[in-house]
Amino acid sequence: MHAVIMAGGKGVRLRPYTTALPKPLMPIGERHAILDIVLEQLAARGFTSVTLAINHLGPLIRAFTGTGARWGLDIGYVEETVPLSTAGPLFLVKDELPEHFLVMNGDLLTDLDYADLLGEHRISGAPLTIATAAQTTRMEFGVLDVIDGKVVGFTEKPAYRHRVSMGVYGMARKALEPYPPGLSLGFDKLVQDLLRQGQFPNSYDFDGLWLDIGRPEEYDEANRRFAELEPALLPVRADSGVAA
């Protein structure tokens, strides 16, 4: 199984930390970088090869991951010479990718089973499968229902339940075919294109551990909780019988 990890972002929301380190190399706990955990998880789930899409502070990521031998993975690289957004790097290597593969952000902390997601994606026949998590958004204001200038309903600070993208995808190579190499395109636009074409992505509903560490306070909280989270985040490798 093959995975593409998007590791080229500037991590703007996590500044000032990411002025010196790319976000995937931010330390978690005492012994790990975020990307280290992701690669351990992929190896434990049976993935054998990874493509890292790099840009911001890319040489640091290359120096850290190398050929991937440390994780038992074959790691290759695609480097953006100009920013290509979240999906654009895929177009540079689309002819080298297998028929179905995993795509994910390089700054995730989750215990999602990546192999199971990719397996469900293959079975579905969909061009894209999006891992989704349930989130609740609470409004800070009273919400009014207004018709023809009259208030006909009022709800005080309602909460809305919805599913959001986790930044992990199962993808069919055919979904990349319409796009030329060098095009800057985000996953949001890619999904909108598929919807317009009537090629509806599948949802892989997930209710396990998923941490958004996009802001400094969230990153600090993840570090404080790491001892509690480590058993879920770092599984036992099937080939070694020891914790990753």
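Guide: Two strands count as paired if DSSP finds at least two bridges between them. Keep that in mind as we look around this predicted model.

Visitor: Okay, so how many bridges join strand S8 and strand S11, and in which sense do they pair?

Guide: First the general idea: strands of a sheet pair through backbone hydrogen bonds, either parallel or antiparallel. Here, S8 (residues 128–138) and S11 (residues 159–172) run antiparallel, with 10 bridges between them. For one example, find Ala134: its bridge partner in S11 is Arg163.

Visitor: What is the strand order in the open sheet?

Guide: Reading across its seven strands, you get S5-S4-S1-S6-S11-S8-S12, and the pairing is mixed. S5 (74–79) and S12 (202–206) each have a single partner strand, so one side of each has no neighbour in the sheet. From one strand to the next, the twist averages 30°.

Visitor: Which strands does helix H5 lie across?

Guide: Look for residues 187–196: that's H5, and it lies across S6 (100–105), S8 and S11. Relative to S8, the helix runs at about 110°.

Visitor: Now the inside. Which residues have the most contacts inside the largest nonpolar core?

Guide: As a rule, nonpolar side chains in soluble globular proteins tend to be buried together. In this model the largest nonpolar core has 31 residues, and the ones with the most contacts inside it are Ile5, Leu39, Leu42, Val50, Leu52, Leu102 and Met104. Several elements supply at least two residues each, among them strand S1 (2–6), strand S4 (49–54) and helix H4 (114–124). Helix H1 gives the most, with five residues.

Visitor: And there's another core? What does it include?

Guide: A second, separate core has 22 residues, including Val78, Ala87, Phe187 and Leu190.

Visitor: Back to Val50. What is it in contact with, leaving aside neighbours within four places in sequence?

Guide: Its contacts include His2, Ala3 and Ile5, then Leu39 and Leu42, and also Leu73, Asp74, Ile75 and Gly76.

Visitor: Last one: what is phi of Asp148 near, and where does the residue sit?

Guide: Phi of Asp148 is near 50°, a positive value in a residue other than glycine. You'll find Asp148 in the loop between S9 (143–147) and S10 (150–155). Exposed means over 50% relative accessible area, and Asp148 has 77%, so it counts as exposed. Lys157 also has a positive phi, near 45°, and lies in the loop between S10 and S11. At 37% relative accessibility, Lys157 is partly exposed.

Key. Residues are numbered from 1 along each chain as its sequence is written. This is a predicted model: local features need pLDDT of at least 70, side-chain atom pairs count only at pLDDT 80 or more; totals for chains, interfaces and linings use all residues. Side-chain values use heavy atoms; hydrogens and water are left out. Helices (H or I, at least four residues) and strands (E, at least two) are DSSP runs, numbered from the N terminus. Axes are lines fitted to C-alpha atoms, for helices over the stretch in contact, and angles run from 0 to 180 degrees between N-to-C directions. Contact means heavy atoms within 4.5 Å. Buried means under 20% relative accessible area, exposed over 50%, partly exposed in between (1.4 Å probe, protein chains only). A nonpolar core is a set of buried Ala, Val, Leu, Ile, Met, Phe, Trp, Tyr and Cys residues joined through side-chain atoms within 4.5 Å.
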